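The report below goes through one protein model, from its core to its salt bridges, a helix contact and a few backbone details. Please keep the sequence and the three-dimensional view at hand while reading.

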Amino acid sequence: MNILVWHVHGSWLTSLVQGPYTFLVPVTPGRGPDGLGRARTWRWPETVREVSPAGLREADIDLMVLQRPHELALAERWTGRRPGVDVPAVYVEHNSPHESAVDSRHPLADRTDIALVHVTHFNRLMWDNGRAPTEVIEHGVLDPGPLWTGAEPRAAVVVNDPVRRGRTTGTDLLPRFAGIAPLDVFGMRTRGLADHLGLPAGRCRARDLPQGQLHPAMARCRLYLHPVRWTSLGLSLLEAMFLGMPVVALETTEVREAVPEAAGVVSNRFDVLEDAVRAFLADPALARSTGEAARAAAQARYGEPRFRSDWERLVKEVTG
């Protein structure tokens with residue numbers, strides 16, 4: 001079974017490529033957004049093969065896994081085959097609708113020949129999926145192990161492009177929480193965030209780390225703070241839970257589904273969230289026991305074996 005898939009979301013794709021298939025990942029000379037090729041910061045099995053656009057013309061392809069609207073035309077142009085017509089295809093929607101949950105019609109809404117796969121039940125509910133057949137396959141995370149130590153009385157936040165994304169990811173809320181707990185903000189293009197927010201560097205440390213160093217550094221923080229207003233369920237939140245970190249998070253999108261009561265504090269009330277941060281900072285034993293519950297919950301629902309099983313079932317159904 002040869003599956004064509006673009007390297008778009010590295011963490012998600014790392015779980016997908018654990019499946020028992022050969023994955024054809026497009027690569028271009030400049031390794032741009034449509035040709036990143038194999039990951040350089042994640043460990044992928046040898047069953048992931050880089051293929052040039054020219055090579056895709058001759059490649060045997062049993063299934064196309066699409067993730068962006070323009071990949072429908074790109075796949076046809078590079079392979080000479082139409083997704084959903086000449087080759088079975090599925091479309092993975094990673095995001096919540098960006099504008100309005102009432103009026104956002106999905107680009108695949110008028111297609112009945114391509115299965116539309118959402119990564120959360122919230123996303124499937126909020127998108128107008130039209131006539132498209134829909135599935136939900138929740139995230140699966142490769143277990144990094146119970147690395148939490150909580151040695152540093154700081155709150156970990158993970159967000160890429162926090163200045164550009166602003167209110168979407170709750171960047172404007174960071175000064176409020178930085179007044180209670182010093183923050184380590186992990187992610188790409190976080191440099192200069194403290195200056196942007198008018199915070200002392202020690203209250204808001206930017207940590208743009210290689211993937212191999214990310215989890216141990218996060219796990220040294222006492223708690224994980226998730227101030228995100230409106231995105232899909234972040235893999236970073238689930239990874240923090242797998243690490244054994246207690247969670248303090250806004251009660252938005254799919255968060256309540258992912259974080260049961262014992263695993264942390266989920267609320268839209270500032271006073272509740274602020275009190276939770278103070279409590280975990282002041283009581284390492286509470287942070288530890290809550291983090292253990294978070295890890296158990298993540299293992300039970302978001303383990304990679306369940307994710308792989310769900311995808312194997314769908315691949316069999318779609319390819320017949």
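## Terms and model

In what follows, a residue is called buried when its relative accessible area is under 20%, exposed when it is over 50%, and partly exposed in between. The structure is a predicted model, and every value given here is computed from it.

By that scale Arg31 is partly exposed, because its relative accessible area is 27%. Arg31 lies in the loop between strand 2 and strand 3, and its phi is near 50°, a positive value in a residue other than glycine.

## The nonpolar cores

The largest nonpolar core holds 80 residues, and those with the most contacts inside it are Trp12, Met218, Met241, Met245, Val259 and Trp311. Helix 9 supplies the largest share of this core, with seven residues.

Helix 9, residues 235-243, is largely enclosed by the rest of the structure, because nine of its nine residues are buried. These buried residues include Leu235, Leu238, Met241 and Phe242, and also Ser236 and Glu239. Just after helix 9, Gly244 takes a positive phi of about 95°.

Which residues of helix 8 are buried? In this helix, which spans residues 211-219, they are Gln211, Leu214, His215, Ala217, Met218 and Ala219. The cover over these buried residues includes strand 8 (152-158), strand 9 (183-186), strand 10 (204-207), strand 11 (221-226) and helix 9.

Met218, one of the buried residues of helix 8, touches Ala156, Val158, Phe186, Tyr224, Ser236, Ala240, Leu243 and Met245, when residues up to four places away in sequence are not counted. Two residues in that list, Ala156 and Val158, have numbers that fall within strand 8, while Ser236, Ala240 and Leu243 are buried residues of helix 9.

Leu24 lies in strand 2 and is buried, with a relative accessible area of 1%. The C-alpha atoms of Leu24 and Ala194, which are 170 residues apart along the chain, are separated by 41 Å.

His226, for its part, is placed in strand 11 and counts as buried at 4% relative accessibility. Its contacts, with neighbours within four places in sequence left aside, are Leu237, Val248, Ala249, Leu250 and Val255, and Leu237 is one of the buried residues of helix 9.

## Salt bridges

A search of the whole structure finds 27 salt bridges. In one of them the side chains of Arg68 and Asp34 meet at 3.0 Å, N to O. Arg68 lies in the loop between strand 4 (63-66) and helix 3 (71-79), whereas Asp34 lies in the loop between strand 2 (22-26) and strand 3 (48-51), so the pair ties together parts that are 34 residues apart in sequence. Arg68 is buried, at a relative accessible area of 16%, while Asp34 is partly exposed, at 24%. Arg68 also forms a salt bridge with Glu71, where the closest N and O atoms are 2.6 Å apart, and in this pair both residues are buried.

A further salt bridge joins the side chains of Asp184 and Arg154, at 2.7 Å from N to O. Because Asp184 lies in strand 9 and Arg154 in strand 8, this pair ties together parts that are 30 residues apart in sequence.

## A helix contact and a loop residue

Helix 11 (residues 270-282) and helix 12 (residues 284-302) pack at an angle of about 110°, their axes being 5 Å apart, and are therefore roughly perpendicular to each other. Helix 11 contributes Ala279, Phe280 and Ala282 to the contact, and helix 12 contributes Pro284, Leu286, Ala287 and Thr290. These residues divide into six nonpolar, one polar and no charged.

Asp161, in the loop between strand 8 and helix 5 (162-165), has a positive phi of about 55° although it is not a glycine. Asp161 counts as buried, at 12% relative accessibility.

Terms used:
Residues numbered from 1 in each chain as written. Predicted model: local features only at pLDDT ≥ 70, side-chain atom pairs only at ≥ 80, totals over all residues. Heavy atoms only, no water. Buried < 20%, exposed > 50% of the residue type's maximum accessible area, 1.4 Å probe, protein only. Helix = DSSP H or I, 4+ residues; strand = E, 2+ residues; numbered from the N terminus. Contact = heavy atoms within 4.5 Å. Core = buried A, V, L, I, M, F, W, Y, C linked by side-chain atoms within 4.5 Å. Salt bridge = Lys/Arg side-chain N within 4 Å of Asp/Glu carboxyl O. Axes fitted to C-alpha atoms, helices over the stretch in contact; angles between N-to-C directions. Parallel < 35°, antiparallel > 145°, perpendicular 65-115°, else oblique. Nonpolar A, V, L, I, M, F, W, Y, C, P; charged D, E, K, R; others polar.
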